[in-house]
Amino acid sequence: MEDEAKLIKKAVRGDMRALSELLREHYSFLYQYLLKATMNKNRAEDVTQETMLKAIEKIATFQGKAKFSTWLITIASRIVIDRMRRNELERHWLQEEGSLRSIQYETIREGVDWSDALQALGRLSSSIRIPVLLKYYYGYGQDEISAMLDIPAGTVKSRLHNGLKQLRKELTEHEEA
Amino acid sequence: MKKHDEEDQLWFNNLMKEDLTRFDAAHAPEVPEQHRFEELVYAHVQDTKRKLWRELLLFWLLACFIFGVMLWIIDRNWIWFAIIQAVTTAGGIGYASYALARGRHREWKS
């Protein structure tokens, strides 16, 4: 297995084999990020595919200043946000509830408990869930998230604040119940 | 402020992180074989090239048409030609500055 930096250099120069190796290496990471970001298996699969196609188109513009995984997450997050804006699927509460139940079922089927924490995270809207995941699960800074999602730093800050507040509230309510 | 951030991170690590890690493990996808990725990359590169050639052809056809119309207008009326040129130049400059400002705003170091 070649070192990632070498693969990136080759891929940027147009080596299709190197690019396909990079995409394969990051496939699980990308899919798992998107599954958490969308909490919807079909949407996560769709956006994984679309992100890879976009990466193939844009690889020549990749400057290597960020990690390849960060670049993919950025493309993927922007696709999720664009789709959300276009389709406004997020507003269809019943549909969201349905997809949450479906991912809950799939998770339990794999032998993992559907915890209160996952339920609370699933109930956040994607526009809040994405910055929360990027900051607290993936460890990106607020400024990085702002650049990745193309939104002002103040918006990231308020979404993080509201997201954690909502998570804390839901988890406290579950504990009390 | 920094302390507040650290507290939030600690809260997340204690209550959420482990569950999310287990969630990730439960949903680890089956990664397709390398040749499937190679096929995808090759097919998409070919598609993109075809699309670019089509767009380039369309661009040249349109350019030839506009050039022809302009020559026809010069031949008919110089004043109208000057007016059209002034309007399109102003429109072009306006659009270019808008696109440039938007591009600068969206700039992200990959």
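**Exercise 1. A salt bridge within chain A**

Which residue forms a salt bridge with Glu170(A), and how far apart are the closest N and O atoms?

*Solution.* Before starting, note that this is a predicted model, in which local features need pLDDT of at least 70 and side-chain atom pairs count only at pLDDT 80 or more, while totals for chains, interfaces and linings use all residues. Residues are numbered from 1 along each chain as its sequence is written, chains are lettered from A and ligands numbered from 1 in the order in which they are written, and side-chain values use heavy atoms, with hydrogens and water left out.

Step 1. Take the rule: a salt bridge is a side-chain nitrogen of Lys or Arg within 4 Å of a carboxyl oxygen of Asp or Glu.

Step 2. Apply the rule to Glu170(A): the partner is Arg123(A), with the closest N and O atoms 3.5 Å apart. This pair links distant parts of the chain, since Glu170(A) lies in helix α9 of chain A and Arg123(A) in the loop between α6 (116-122) and α7, 47 residues apart. Helices here are DSSP runs (H or I, at least four residues), numbered from the N terminus.

Step 3. Check the cover, where buried means under 20% relative accessible area, exposed over 50%, and partly exposed in between (1.4 Å probe, protein chains only). Glu170(A) is buried, at 14%, whereas Arg123(A) is partly exposed, at 36%.

**Exercise 2. A covered helix**

How many residues of helix α7 (residues 126-137) of chain A are buried?

*Solution.* Step 1. Count them: 12 of its 12 residues are buried. Among them are Arg129(A), Lys135(A) and Tyr137(A).

Step 1. Look just after α7(A), where Gly139(A) takes a positive phi of about 80°.

**Exercise 3. Annotated spans of chain B**

Compare the recorded transmembrane regions with the model.

*Solution.* Step 1. An unreviewed UniProt entry lists "transmembrane region" at residues 56-74 and 80-101 of chain B; such annotations may be inferred rather than shown by experiment, and positions follow the numbering used here, with feature names shortened.

Step 1. Residues 56-74 of chain B are 100% helix and 0% strand, with end C-alpha atoms 27 Å apart.

Step 2. Residues 80-101 of chain B are also 100% helix and 0% strand, and their end C-alpha atoms lie 32 Å apart.

Note on methods:
Helix = DSSP H or I, 4+ residues; strand = E, 2+ residues; numbered from the N terminus.
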